[in-house]
Amino acid sequence: NYGSLVNNSIDYLRESQSANQHSKSVVSQMEVRWRRPPAGWIKCNTDGAVSNKDFSRIGLVFRDENEKALLASALKQHGWMAPLVVEALAIWKVVTVARERNFARVIF
């Protein structure tokens with residue numbers, strides 16, 4: 001259901017924003033590994049980057065439980081945007097693409 005996908009996206013964004021606010025003064029290294037989604041689900045990883053040259057970029061990768069890439073996309077957005085706005089735009093793009101491709105069970 002796309003309503004829950006949107007709600008989950010908003011929750012994810014809020015958690016990311018909260019984590020970023022609390023971690024600005026902490027510098028550490030940790031190993032991050034991709035975790036496969038449960039069987040029958042698709043996992044989407046997103047990223048957003050802001051340039052000081054009046055553009056931003058968004059990246060998306062959808063993978064299944066076998067780590068097979070189902071779709072990858074990189075987009076350039078003209079005009080400067082705040083980093084949180086770029087991340088939100090990436091999540092919005094996930095919802096849009098998932099809907100277009102009939103990906104009903106998507107996690108982040």
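Alanine 49 stands opposite arginine 57 in E2. That pair belongs to two strands, E1 (residues 42-50) and E2 (residues 55-63), which pair in the antiparallel sense over eight bridges. Strands here are DSSP runs of E with at least two residues, helices are runs of H or I with at least four, and both are numbered from the N terminus. Two strands pair if DSSP finds at least two bridges between them.

A word on the source. This is a predicted model, where local features need pLDDT of at least 70, side-chain atom pairs count only at pLDDT 80 or more, and totals for chains, interfaces and linings use all residues. Residues are numbered from 1 along each chain as its sequence is written, and side-chain values use heavy atoms, with hydrogens and water left out.

Back to the strands. E1 and E2 form a hairpin with four residues between them, and aspartate 54 in that turn has a positive phi of about 65°. On to E3 (residues 69-78): nine bridges join this strand to E2, and the two run antiparallel. Isoleucine 58 has leucine 75 in E3 as its bridge partner. The hairpin of E2 and E3 has five residues between the strands, and glutamate 67 there takes a positive phi near 70°.

Now serine 56, which lies in strand E2. Why does serine 56 count as buried? Because its relative accessibility is 1%, and buried means under 20% relative accessible area (exposed is over 50%, partly exposed in between; 1.4 Å probe, protein chains only). Leaving out residues up to four places away in sequence, serine 56 touches several residues, including Ala49, Leu75 and Val86; contact means heavy atoms within 4.5 Å.
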